[in-house]
Amino acid sequence: QVQLVESGGGLVQAGGSLRLSCVGSGSIFSINAMGWYRQAPGKQRELVATITNGASTNYADSVKGRYTISRDNAKTTVYLQMDNLKPEDTAIYFCRAGRLIGLALWAQSWWGQGTQVTVSS
């Protein structure tokens with residue numbers, strides 16, 4: 001089992017920045033990747049970005065050039081730096097960790113509880 005706790009969400013004006021953090025614990029040695037997903041009201045949860053143990057990253061087209069995913073050296077914490085935020089970025093952001101196969105397919109994964117990000121126009 002892996003436990004994930006997100007933090008860093010909040011309210012920001014369009015054009016502003018936020019940095020999300022997700023701390024993993026438990027059987028964190030069993031994972032090979034961590035990532036961020038988001039779910040806006042009335043929409044399906046979607047991939048935002050992932051990062052593997054080898055530091056390979058993958059981003060949704062909608063956030064490329066604005067968001068940066070990174071991990072600490074111990075590979076227990078994943079960050080999401082969000083710059084030039086837009087109102088359409090408003091969503092609950094979820095951390096995900098597990099065994100990633102391919103770009104967006106997880107053989108096994110765990111989710112955090114989510115953190116709200118609200119971008120005002």
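## Two residues with positive phi

Lysine 75 sits in the loop between S7 and S8. In this predicted model, lysine 75 has a positive phi of about 65 degrees although it is not a glycine. With a relative accessible area of 32%, lysine 75 is partly exposed, because that class covers values between 20% and 50%.

Alanine 55 also has a positive phi, near 75 degrees, and is likewise a residue other than glycine. Alanine 55 belongs to the loop between strand S5 (46-52) and S6. The relative accessible area of alanine 55 is 53%, so this residue is exposed, the cut-off for that class being over 50%.

## The open sheet

Four strands make up an open sheet, arranged in the order S1-S3-S8-S7 with antiparallel pairing. S1 and S7 are the edge strands, each of them pairing on one side only. On average, and with direction ignored, neighbouring strands of this sheet are turned by 15 degrees against each other.

S1 and S3 run antiparallel and are joined by six bridges. Leucine 4 stands opposite glycine 24 in S3. Serine 21 is also found in strand S3, which spans residues 18-26. Serine 21 has a relative accessible area of 18% and is therefore buried, since the limit for that class is under 20%. Beyond residues up to four places away in sequence, serine 21 touches Val5, Glu6, Ser7, Trp36, Val78 and Tyr79.

## The disulfide

The structure has one disulfide. The bond joins cysteine 22 to cysteine 95, with an S to S distance of 2.1 Å.

The torsion about the S-S bond of cysteine 22 and cysteine 95 is about -80 degrees, which means that the disulfide is left-handed. Cysteine 22 is buried at 0% relative accessibility, and cysteine 95 is buried at 0% as well.

## Salt bridges

Side chains of opposite charge can pair when their charged atoms come close. The structure holds four salt bridges. In one of them, the side chains of arginine 38 and aspartate 89 meet at 3.0 Å, N to O. Arginine 38 lies in strand S4 (residues 33-39) and aspartate 89 in the loop between strand S8 (77-82) and strand S9 (91-101), so the pair ties together parts that are 51 residues apart in sequence. Both arginine 38 and aspartate 89 are buried.

Aspartate 89 also forms a salt bridge with arginine 66, where the closest N and O atoms are 2.7 Å apart. Arginine 66 is located in the loop between strand S6 (57-59) and strand S7 (67-71), and aspartate 89 in the loop between S8 and S9, so this pair ties together parts that are 23 residues apart in sequence. Arginine 66 is buried, as is aspartate 89. A network of salt bridges links Arg38, Glu46, Arg66 and Asp89. A further salt bridge is formed by the side chains of aspartate 61 and lysine 64, at 3.1 Å, N to O. Here aspartate 61 counts as exposed at 65% relative accessibility, whereas lysine 64 counts as partly exposed at 49%.

## Nonpolar cores

The largest nonpolar core has 30 residues, and those with the most contacts inside it are Trp36, Leu80, Met82 and Tyr93. The elements that give two or more residues to this core are strand S1 (2-7), S3, S4, S5, S7, S8, S9 and strand S11 (115-120). S9 gives the most, with four residues.

Leaving aside neighbours within four places in sequence, tyrosine 93 is in contact with Glu6, Leu20, Trp36, Tyr37, Arg38, Val48, Tyr67, Leu80, Met82, Gly114, Thr115 and Val117. Another core, of five residues, lies apart from the largest one; among its members are Ala33, Tyr37, Leu47 and Leu100.

Terms used. Residues numbered from 1 in each chain as written. Predicted model: local features only at pLDDT ≥ 70, side-chain atom pairs only at ≥ 80, totals over all residues. Heavy atoms only, no water. Buried < 20%, exposed > 50% of the residue type's maximum accessible area, 1.4 Å probe, protein only. Contact = heavy atoms within 4.5 Å. Disulfide = S-S within 2.5 Å. Core = buried A, V, L, I, M, F, W, Y, C linked by side-chain atoms within 4.5 Å. Pairing = 2+ DSSP bridges. Axes fitted to C-alpha atoms, helices over the stretch in contact; angles between N-to-C directions.
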